[in-house]
Amino acid sequence: MTNERSKKADGVESAKPKLPVGVRLLRTLRGHEDEIGGIAWSPDGKTLATPSEDHTVRLWDIDTGECRRILTAQKTWVNAVAYSPNGKMLASAGGEEFPVETEPSEERSLGPPDTSIHLWDARTGEYLKQIAGVHRRLVSGLAFDSASKCLACSSFDGSVSLWDVSNNKRIPLDLFQAARRSKAEVRPVYLVGIDRSSRLIIASQKGIHFLSEKGKVLWQIEGHGWATNFALNTSEESLATAGLDNAIRIWDVKNKRLIRVLEGHTDAVVSLSFLRDTPILASRGRKGDGTVRLWDTETGTCLAILQNPAGLSCLS
């Protein structure tokens, strides 16, 4: 990969920057027949779950590159997956709706045929159960809490739901509840996460929010306008956020303080991921940018720019 040539946006050909030490292409996994959604690693790092618009979730053995299992419960696009931290359960969900690559449109359907959450035995691939009727539009994100008992689900219907996976009961959440808005008023929620302190993290048109389990706003991050993504580093001391302003912001979580702004993408940044136990952040720009960038978040230096001709959709 480092020996290939890449073209800049102005058409001038130049050598690709050298990748940081320890970063290399391990392997390419092929098998899906359509676009891939938000991928997820198993807690032990040995299996990668990939949801797809081909209506399947594939589980890949990273050591061999082989597809271990193909999960087929949904009859629509599978957009999101999440492993429980104890490694026992895998959740998947999706629907049929516009992806983050496009702007909301009033012509799109408000009633995707399957926005249910599907739960699987992560080790055997056995189908466990379904949480039906969760949202009215595409499910955009899933996240388990650290105890593997609670599952958060975000949606393009503008809401976030919380579920007790032991009994399929919905946990009340005061903020980001689904409202019966008109099509023009719907504000999609693009991603949800839960940190080790059980705080919800939400990216939406309203910005980035840290919420308590009851939905109380603990920290609201503005600046991007329309926020699209976020990522915590391994220690959860640093937070990276992104939005339609083409910039990435790095935050000190404990002190709720902006550390630095990373600039270089020429279109909205729609995917972020920290390399485990390092300050290195990977970011992907939307199609107008067409790059994946690697950053040293401690210095703000862009370490490498990788061209993305294949249309990579998600980082993890």
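## Ser 159 and its polar contacts

A polar contact is a pair of N or O atoms within 3.5 Å, and within protein one of the two must be able to donate a hydrogen and the other to accept it. In this predicted model, the side chain of Ser 159 makes such a contact with the side chain of Asp 157, at 2.6 Å, and another polar contact, of 2.9 Å, joins the side chains of Ser 159 and His 135.

Ser 159 lies in the loop between β12 and β13, the latter spanning 160-164. Because buried means under 20% relative accessible area, Ser 159, with a relative accessibility of 0%, counts as buried.

## The sheet from β11 to β14

Strands β11, β12, β13 and β14 follow one another in that order in an open sheet of 4 strands, and their pairing is antiparallel. The edges are held by β11 (139-144) and β14 (169-171), each of which has a single partner strand, so one side of each is left without a neighbour in the sheet. With direction ignored, neighbouring strands of this sheet are turned by 30° against each other on average.

For β11, the antiparallel pairing with β12 (residues 150-155) extends over 5 bridges, and within this part of the sheet Val 139 stands opposite Ser 155 of β12.

## The β21-β22 hairpin

Strand β21 (residues 248-252) and strand β22 (residues 257-262) run antiparallel and are joined by 5 bridges, with Arg 249 having Val 261 in β22 as its bridge partner. The two strands, β21 and β22, form a hairpin with 4 residues between them, and in the turn Lys 256 has a positive phi of about 50°.

Notes: Residues are numbered from 1 along each chain as its sequence is written. This is a predicted model: local features need pLDDT of at least 70, side-chain atom pairs count only at pLDDT 80 or more; totals for chains, interfaces and linings use all residues. Side-chain values use heavy atoms; hydrogens and water are left out. Two strands pair if DSSP finds at least two bridges between them. Axes are lines fitted to C-alpha atoms, for helices over the stretch in contact, and angles run from 0 to 180 degrees between N-to-C directions. Buried means under 20% relative accessible area, exposed over 50%, partly exposed in between (1.4 Å probe, protein chains only).
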